[in-house]
Amino acid sequence: MTDALENLTYEERRFPPSAEFAANANLKEDAYAAAQGDPLAFWAEQAERLDWHTKWDTVLDWSNPPFAKWFVGGRLNASYNCLDRHVAAGLGDRVAYHWEGEPQGESREITYAQLKDEVCQAANALIELGVKTGDRVAIYMPMIPETIVAILACARLGAPHTVVFGGFSADALASRISDCHAEVIITADGGYRRGSASALKPAVDEACDKVGIVRKVIVVRRTGSEVAWHDERDVWWHDLVARQSTEHECEFFDSEHPLYVMYTSGTTGQPKGILHTTGGYLVGCAYTQWGIFDLKPESDVYWCTADVGWVTGHSYMVYGPLANATTSVIYEGTPDSPHKGRWWEVCEKYGVTLFYTAPTAIRTFMRWGDDIPAKYDLSKIRLLGSVGEPINPEAYVWYRTVIGGEQVPVVDTWWQTETGAVMMSPLPGVTAAKPGSAMRSIPGIEVDVVDNDGQSVPDGSGGFLVVKRPWPAMLRTIWGDDDRYVDTYWSRFEGMYFAGDGAKKDEDGDIWILGRVDDVMNVSGHRLSTTEIESALVSHPKVAEAAVVGAKDDTTGQAVCAYVILREVAAPTDAAAGEALIQELRQHVAHEIGAIAKPRQIMLVPELPKTRSGKIMRRLLRDIAEKREVGDVTTLADSSVMDLISTEAKGSTD
Ligand code: WT7
């Protein structure tokens with residue numbers, strides 16, 4: 001690193017693009033002015049990236065806010081846009097995905113032509129099972145090529161998919177299947193993670209028993225492990241799909257036809273089914289993939305390390321890259337399997353040029369040491385991206401220096417399941433990026449920070465992050481609950497989308513995200529609801545009451561900390577019994593929601609701090625979990641409670 005930079009704190013550093021990068025960048029400075037001057041004309045221009053069977057007649061219908069319609073009157077097919085048109089343009093032999101399995105030596109290369117054939121076969125298979133346009137199909141899969149095939153086959157038929165992250169429990173899967181009424185599930189016997197096979201099918205069986213609406217389960221054989229089988233319901237993917245025709249004439253759907261539902265945690269126990277529709281969503285993905293990642297599809301090799309079970313996997317592993325005819329990498333497993341250099345080995349093997357990951361992974365690699373990435377040739381990387389949570393400036397500088405060789409732009413992209421695509425980010429060829437800041441909204445989007453009354457705050461102040469105009473990839477509603485859609489996002493501030501994040505503007509007007517202002521936690525870039533975990537804990541017979549907070553964690557950003565009041569009969573007799581019970585409760589949460597929700601720490605306490613109106617004061621619990629001096633307790637009903645809890649907490653911290 002140059003001396004000039006070394007004298008600055010991490011926050012003070014500025015990283016403009018190199019002259020060469022700037023000269024060749026896809027998005028230039030003038031895009032801001034163009035989009036600002038006439039946003040709808042700007043979006044209409046971005047929509048030309050797609051192939052429309054029937055062109056739209058109105059870019060935006062906002063006559064019934066907050067229910068938006070984009071590219072009204074247009075008709076298109078998402079799968080056609082991701083596959084057929086590229087094959088027709090002569091790109092059939094281009095690699096769509098380099099798939100790398102976790103077990104060493106296993107890999108597969110899939111061209112656009114092959115992917116199109118497999119998607120057509122899978123679409124024909126779904127038709128054979130009676131899936132029709134509009135039917136919901138649940139997908140519960142590991143990171144294998146069939147998962148992408150399944151997603152695109154659903155899109156091809158206009159059957160909205162709901163992909164449920166493979167780490168979620170049977171209960172979480174059941175509640176999602178039931179909420180959107182999916183009668184067909186696509187799954188696998190299991191997948192590979194951390195060096196061994198982990199099962200998926202048993203959770204599907206359990207979920208099916210629970211909801212009783214599932215007609216068909218298609219099972220990919222991945223690990224070869226024994227699975228329970230229900231003859232009328234279950235069918236092997238290889239028996240069903242391989243014998244289908246590779247021809248499928250797709251239908252073209254209205255621009256607003258539902259493309260998928262993705263469940264995400266909110267402030268109540270019930271996850272929200274975020275609905276994305278076809279035209280606007282695909283425009284948002286295609287534009288940002290091209291502009292923010294500076295994608296040159298003929299030469300780049302792109303790798304987004306997200307799991308396909310999250311929105312990042314949808315927008316930036318599937319729809320964005322494929323809409324632009326990108327060559328991508330998908331890797332099945334964890335970064336430490338079979339060794340801690342695995343990701344960098346994969347980058348070297350495929351010559352990755354654009355790399356997109358989450359801060360929690362970056363911090364983990366920092367901890368593992370610079371010598372691990374140093375063993376691999378990462379010189380082809382020309383852009384790095386970060387997403388999912390605030391990136392601390394030190395991790396940003398490490399990422400840029402050690403992985404990016406001090407040359408490459410790092411794009412810190414802020415967005416949400418609800419926004420569908422990137423909303424804030426430096427422009428890689430334009431912005432002198434500040435480590436730790438997502439900077440400002442990208443051309444076409446208008447993000448701001450407002451005070452309690454919805455007034456834009458001056459530079460140097462903080463407030464709530466909002467979006468001031470509708471945008472093409474925005475969610476259209478919460479599945480089956482328009483009221484909750486209006487209440488959650490459009491009622492806090494008149495005419496503005498409320499993101500749920502706190503943020504501040506610095507002296508230059510650049511925005512720094514401070515984290516959630518609601519009861520939503522961010523653990524390793526995954527969104528978890530405090531209420532959902534509390535409900536899971538309270539469902540255990542020994543638990544009387546529970547409060548959950550997200551406490552700062554050096555690796556995962558936040559960690560789940562739970563305070564539990566036991567039922568009197570369940571009081572452990574000694575410390576060992578207490579410890580065993582804590583482990584039992586952690587397991588219980590994993591069983592109810594999934595391992596990602598397992599509390600890092602559970603404290604058994606006699607009381608919880610509450611206001612006089614009976615509301616749990618999470619702020620105080622957070623203070624204890626983060627080992628700070630406990631803050632103001634004057635609104636507590638009984639302030640002596642805090643002494644009790646602090647004493648208990650000191651004794652039981654991991
Ligand atoms: C929440 C959305 C969409 C990507 C995956 C997460 C936080 C996301 C950033 C960033 C600071 C970020 C916010 C947001 N977040 N990206 N670059 N800097 N915070 O999607 O699960 O819907 O979570 O993740 O708090 O509201 P999600």
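Cysteine 250 is buried, with a relative accessible area of 11%. Buried here means under 20% relative accessible area, exposed means over 50%, and partly exposed lies in between (1.4 Å probe, protein chains only). Cysteine 120 is buried too, at a relative accessible area of 1%. The model is predicted, so local features need pLDDT of at least 70 and side-chain atom pairs count only at pLDDT 80 or more, while totals for chains, interfaces and linings use all residues. Residues are numbered from 1 along each chain as its sequence is written, and side-chain values use heavy atoms, with hydrogens and water left out.

A disulfide needs a pair of cysteine sulfur atoms within 2.5 Å. The structure holds zero disulfides.

A search of the whole structure finds six cavities of 30 Å³ or more. A cavity is a set of points, on a 1 Å grid over the protein atoms alone, where a 1.4 Å probe fits but cannot get out; lining residues have an atom within 4 Å of a point. Points are joined across faces, edges and corners, and a volume is the space filled by probe spheres set on them. The largest cavity has a volume of about 60 Å³. It is lined by 13 residues, and the closest to its centre are Trp43, Gly284, Ala421, Val422 and Ile445. Helix H11 (residues 278-291) gives the largest share of this lining, three residues. Helices are DSSP runs (H or I, at least four residues), numbered from the N terminus. The lining divides into 10 nonpolar residues, three polar and no charged. In this count Asp, Glu, Lys and Arg are charged; Ala, Val, Leu, Ile, Met, Phe, Trp, Tyr, Cys and Pro are nonpolar; the others, Gly among them, are polar.

Now a charged side chain. Aspartate 171 sits in helix H8 (residues 170-180). Aspartate 171 is buried, at 17% relative accessible area. Its side chain makes a polar contact with the side chain of lysine 210, at 2.8 Å. Such a contact is a pair of N or O atoms within 3.5 Å; within protein, one must be able to donate a hydrogen and the other to accept it, and residues adjacent in sequence count only if both atoms are side-chain atoms.

Last, alanine 33 lies in helix H3 (residues 30-37). Alanine 33 is exposed, with 54% relative accessibility. Alanine 33 and proline 443 are 410 residues apart in sequence, but 8.0 Å apart in space, C-alpha to C-alpha.

Methods: 1 Å grid on protein atoms, 1.4 Å probe; cavity = no way out; pocket = protein on both sides within 12 Å on 5 of 7 lines; lining within 4 Å. Helix = DSSP H or I, 4+ residues; strand = E, 2+ residues; numbered from the N terminus.
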